[in-house]
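Morning, everyone. Please bring up the model on your screens. I'll take you through a few parts of it.

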Amino acid sequence: MQLKFSESQTMLQDTVARLFADEVTSARLREAEASGLDKALWDQLVALGIVGMRALAPEDGGMSLMDAAIVAEQMGRHVAPVPLVEAIVATALLHRAKAPRALLDAVEGGAVATVALSPAATGRPLPVLGGSVAHVIVALVGGDLVALVGAAGERARNIADATVAMIDVAVAEEHHVLASGSEAEALYNAALEEWRVLTAAALAGLGRRALELAAAYSGERIAYGVPIGSFQGIAHPMADAAINMDGAKLLTWRAISSIAAGQERAGARAAMAYWWAAHSVDQAVKHAVRTFGGYGVSLEYDVQIYFRRAKLHALIAGDPNEQLDRIAARLWDGEAAALPSAGDVGIDFEWGERAEAYAAEVRAFVEANITDDVRAKMHHSTSGFHAGFHKKMAEAGFAYPDMALDGKPRLSRYEVMAAAPMWEDMGWTRTPSSVTEFVAGMAQLWAQPDVKQEIVGAVLAGDALGALGFSEPQSGSDIFGAKFSAVRDGDEWVLNGQKMFTTNGHQAHYILMLTRTDNSGKKHQGLTMFIVPMNLPGIELHPVYTLQDEKTNITYFTDVRVPDRYRIGEVNDGARVMTSGLSFEHGGSGYHAAQKAMVRRAVDWARKMGPDGSRPIEDANMRRILARAAVRDEVADVLCRRQEWAGVEGVHEIAWGPMAKLFTTEMLYVDGSAIIEAAAPYSLVRGLDRDLDIVEVSMRRGIAMTIYGGTSEVHRSLIAEKSLGMPKSR
């Protein structure tokens, strides 16, 4: 896996970013609106070879598709008033189709080339971006790929004051046929895919920059005595939009990486990247404008330019939602896509061969050891725990893949994540093991030697499970507001209080506890942590049954006496100990397998014959619902993979984990709800279809997951602050 640009890619990014920053000023943006084109900027882009960067195929020394995406993103960030993406694609297409030398010379000399984004026909004018300034327009006309010279039209009034003209192929002075039949369609369709991918990159850059402008303003504008960015009504929608724009960029990268690797899903991912960027940028620019308030709609402020340009680039090729039909056809009907050559792009989202081999090894072991009584226990909740099977997993070294032995992890996170989806594929919980792994990890870090040996030894042998005792009735996400009392009495501590939602507590041997040992200071002071044996007198569990078919517990402690040796860390230093536990949290990655499994189950259900004799996947509305779910699954996937890559590479970006967790869990609920709504009323009846049952329960699990590990609202505040630099919103 590699999500870092190479040295040459970083240099390209820095170069074009400086160029656009220097040239695309507020004054120049407004001057360019008279014609739609900043000619001085265009000339520099031609001179630097940016316009012709894809004229040569990568294998012949041309630049990669990722290089072009880097340029497109920076163009979007600066809303550069040039039809750059269209020109890059058209120039490359002219060379691939071996256009006449005179045309190529003219374009290389600075004449504008652009491309019609829909098949053209005589007497049916098309809106073409770049059409008012183009020397040559490449179009598909009646099955022929043609280069039209002299077809440029008068600039049409348009939302972005860009170089849009209504082009009629009949008025061209010259009409050069470049290819015909299947060859023409293949060249043209591959060019359109390239345009979609590069436009997605541009929209991702545009949306992100609009949010940054609004975030900066939100820290300057004071209302009611505080910066407006501290209001959650402003911060939280901005946080959602920031996640979506990061997802758009990463999904574009993955589409390019997939094209380069020749992967089966490459065509679907290209369409996904374009739809997601075009769909999501609207939310970003809308919230950016609204953050500026009345100034946002004033033409004196630049943010309204971002709004207008977003509409232009997202809609110039037609309704982006048509891509959902293309995504469905490519994913489930086997429709092939003509794709451009990508070259050596450097970026790689795959876990790697070693990780995939480990995943296969784990799956083989699990499948070989599933007996009828084990299969009968399989469930997504903690009731799915099977002690005998767990013992076999522990003895084989598969139970705790994240455990570090002798201070060194046995496996990389890539190996762990490659194997993780199997459990959700089987509909089988790993919660008892994962919670236990957290407890044992804290014991390794902080426990006294004899207790460390006791707990870690029992856990690794498969003889002990753990639970977490953090939440209390009056302090959920605010864990440092804990009131649970621990009072020292010689070599023992006396524990009194109540812990909520002690999942797995009913079968745990140890519980990791956060307690209050001093009330004299601030709330994050005076906290001490323990790992407490669950067999001590005075511990009482009351079951709590939940919306998502799960059992958790309320755990009461009444004068529970625990030896001091079970204390972890120093007295009153529990906040620091607790913070170290964040290293065991992995954002959304632990939740994403449920989303992926839900989408797969939904498609499996939709392929089957329904009660009315039809297959749901043949219904146009259902196909679009499933396609949206598939796209959001891909976005969640790239956000989670970025988070894992950052952890392995030591890249410290606080917001990336919360972004992955928030998006994954929210979309599990959103898409699960949409599917069962479209499948109603049959989706309300359990037992009619196993796959649809899993979709329905996944929806309910999704609403719970938006609460686990900090609610979505807590994460939105953190993302707004850490990713966008907005004031604290509490």
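How many residues lie between E12 and E13 in their hairpin? The count is 2. Keep in mind that this is a predicted model. Now look at the turn. Gly 490 sits there, with a positive phi of about 70°. The strands on each side are E12, residues 485-489, and E13, residues 492-499. They run antiparallel, and 5 bridges join them. Find Arg 488 and look across to E13: Trp 493 stands opposite.

Next, a second hairpin. Strand E3 covers residues 134-141, and it runs antiparallel to E4. Here 6 bridges join the pair. Between E3 and E4 there are 2 residues. Gly 142 is in this turn, with a positive phi of about 55°. For a facing pair, take Ala 139, which stands opposite Val 146 in E4.

Stay with E4. Its other listed partner is E6, residues 174-180. These two strands also run antiparallel, joined by 6 bridges. Val 149 stands opposite Glu 174 in E6. So is E4 enclosed or open? Of its 6 residues, 144-149, 5 are buried, so the strand is largely enclosed by the rest of the structure.

On to the core. The largest nonpolar core has 249 residues. Which members touch the most others? They are Leu 84, Leu 94, Leu 145 and Val 366. Helix H7, residues 181-220, gives the most to this core, with 19 residues. Now zoom in on Leu 94. Leaving aside residues up to four places away in sequence, Leu 94 touches several others, among them Ala 99, Leu 104, Val 136, Val 138 and Leu 178. Val 136 and Val 138 fall within the residue range of E3, 134-141.

Last stop: the second largest pocket. Its volume is about 1100 Å³. How many residues line the second largest pocket? There are 43. Nearest its centre lie Arg 265, Arg 269, Lys 596, Asp 633 and Glu 634. Several helices give two or more residues to the lining, including H9 (266-292), H12 (353-368) and H21 (620-649). H20 gives the most, with 9 residues. By class, the lining has 21 nonpolar, 17 charged and 5 polar residues.

Key. Residues numbered from 1 in each chain as written. Predicted model: local features only at pLDDT ≥ 70, side-chain atom pairs only at ≥ 80, totals over all residues. Heavy atoms only, no water. 1 Å grid on protein atoms, 1.4 Å probe; cavity = no way out; pocket = protein on both sides within 12 Å on 5 of 7 lines; lining within 4 Å. Points joined across faces, edges and corners; volume = space filled by probe spheres on them. Helix = DSSP H or I, 4+ residues; strand = E, 2+ residues; numbered from the N terminus. Nonpolar A, V, L, I, M, F, W, Y, C, P; charged D, E, K, R; others polar. Core = buried A, V, L, I, M, F, W, Y, C linked by side-chain atoms within 4.5 Å. Buried < 20%, exposed > 50% of the residue type's maximum accessible area, 1.4 Å probe, protein only. Contact = heavy atoms within 4.5 Å. Pairing = 2+ DSSP bridges.
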